[in-house]
Amino acid sequence: MVTVAESEDTKTATRQASIFDLGPGAHQCWYPVALSSQLPAGKVLGRDFADGRIALYRGEDGVARAVSAYCKHMGADLSFGGEVLGNNIRCPYHHWAYGGDGHCSNIPSGDAIPKNATLFKFPLREQFGLIWIFFGEEPLYELQAFPDFDEEKHIARSYISEHDTLHCEPWIFTTNIYDFVHLRFLHGVNVANTDIKDVDPYRSLMSWEADLGAKASGGWRPEIYVCGTNSIRTIGDQGGRMKWYIAASAPLGREGTRFFFTIITTKGDGAEEFLDAQAKMHSNIQNEDVPIVNNMRLDQFNLGKSDQPMARFLRKVLKYPRTTLRELEKSAGRSRRPIETANI
């Protein structure tokens, strides 16, 4: 757990924080889990996630779906040999089939379908070539978007960042967006005129003016939304060119925490070069952090006045709702909705 207590001894309001294991599972947030291009129609894709595993598949209707990965019969992993039939997924072991709503809809042996034979179906969105799931029964907030995006005017690029395995929960890395001192000394990015306010219990809005130094030419004056405990969305321009940006991390089990990015700018001369440069810059900044974060001892912090924005975020982390995949699977078993007929 995290505790943040204000010291009354000094006017600098020194913060002390003790960071411990927050327990199994993950915070209830929107998490990117794959590129859309990795999931063509008829394919099943497995992902370790938080305390368990999920199966992604795309039906003949072109819709991507994400469910808990283990068959309710004998626990076979649907992502190893499972088949997509119509808009349904079939277990490779005994061919139990599950409809698009997660409920078992056919047992070819003729046995009665158990009442709790239900996979958990995740809320899912596809956006700019990324597949996102919400880790919870119902989204606590909507996935960040850009309402003014126009395919005729704008170009978007999404990718998964390559880096050494990151052994920490996503929220630990998100503290970086509030850590202006580390931005200056580690990354050479000077931030000024900052303002932070809460939009709701799950999102915050920040603005700043940044001098990117040797990282990139031109200043950056973004409007930044921090969403959940794992992602940010920025709106602004850099070096005189429009730049919209999403960065999010996901706890992918044995793969560690992985980062997914979307960068958007206006079409025209120099657009591709701009996207290349931005992808390189953000990957470089991230890779400067990874070895440090991987080797931190997260048991006690002594935070000073300049760390107040970060301390505020740590308090939110403590209160933010979490769940586990096992709990979500139990909730699916308790909920019985009309069954979709499997296309066998």
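Where is the place of Glu-329? Look in helix H5, which covers residues 325-334; helices here are DSSP runs of H or I with at least four residues, strands are runs of E with at least two, and both are numbered from the N terminus. Before going on, keep in mind that this is a predicted model, where local features need pLDDT of at least 70, side-chain atom pairs count only at pLDDT 80 or more, and totals for chains, interfaces and linings use all residues. Residues are numbered from 1 along each chain as its sequence is written, and side-chain values use heavy atoms, leaving out hydrogens and water.

Back to Glu-329. It counts as buried because its relative accessibility is 16% (buried is under 20% relative accessible area, exposed is over 50%, and partly exposed is in between, with a 1.4 Å probe and protein chains only). Leaving aside residues up to four places away in sequence, Glu-329 touches Ser-68, Lys-72 and Phe-120, where contact means heavy atoms within 4.5 Å. With Lys-72 there is also a side-chain polar contact of 3.2 Å: a pair of N or O atoms within 3.5 Å, where within protein one must be able to donate a hydrogen and the other to accept it, and residues adjacent in sequence count only if both atoms are side-chain atoms.

Helix H4 takes up residues 308-319. Its 12 residues reach 17 Å from first C-alpha to last, close to the expected 16 Å, which is 1.5 Å times one less than the number of residues. Among its buried residues are Met-310, Phe-313, Leu-314 and Val-317.

Now for some strands. An open sheet of three has the order S4-S13-S12, paired antiparallel; two strands pair if DSSP finds at least two bridges between them. S4 (30-35) and S12 (124-127) are the edges, each with a single partner strand, so one side of each has no neighbour in the sheet. S12 is joined to S13 (residues 130-134) by four bridges, and Leu-124 has Ile-133 in S13 as its bridge partner.

Finally, the charged pairs. The whole structure has 17 salt bridges, each a side-chain nitrogen of Lys or Arg within 4 Å of a carboxyl oxygen of Asp or Glu. In one of them, Arg-157 and Glu-272 bring their closest N and O atoms to 2.7 Å. This pair links distant parts of the chain, 115 residues apart: Arg-157 sits in strand S14 and Glu-272 in helix H3. Arg-157 is partly exposed at 23% relative accessibility, and Glu-272 is partly exposed at 39%. Elsewhere, Asp-48, Arg-53, Asp-77 and Arg-254 are linked in a salt-bridge network.
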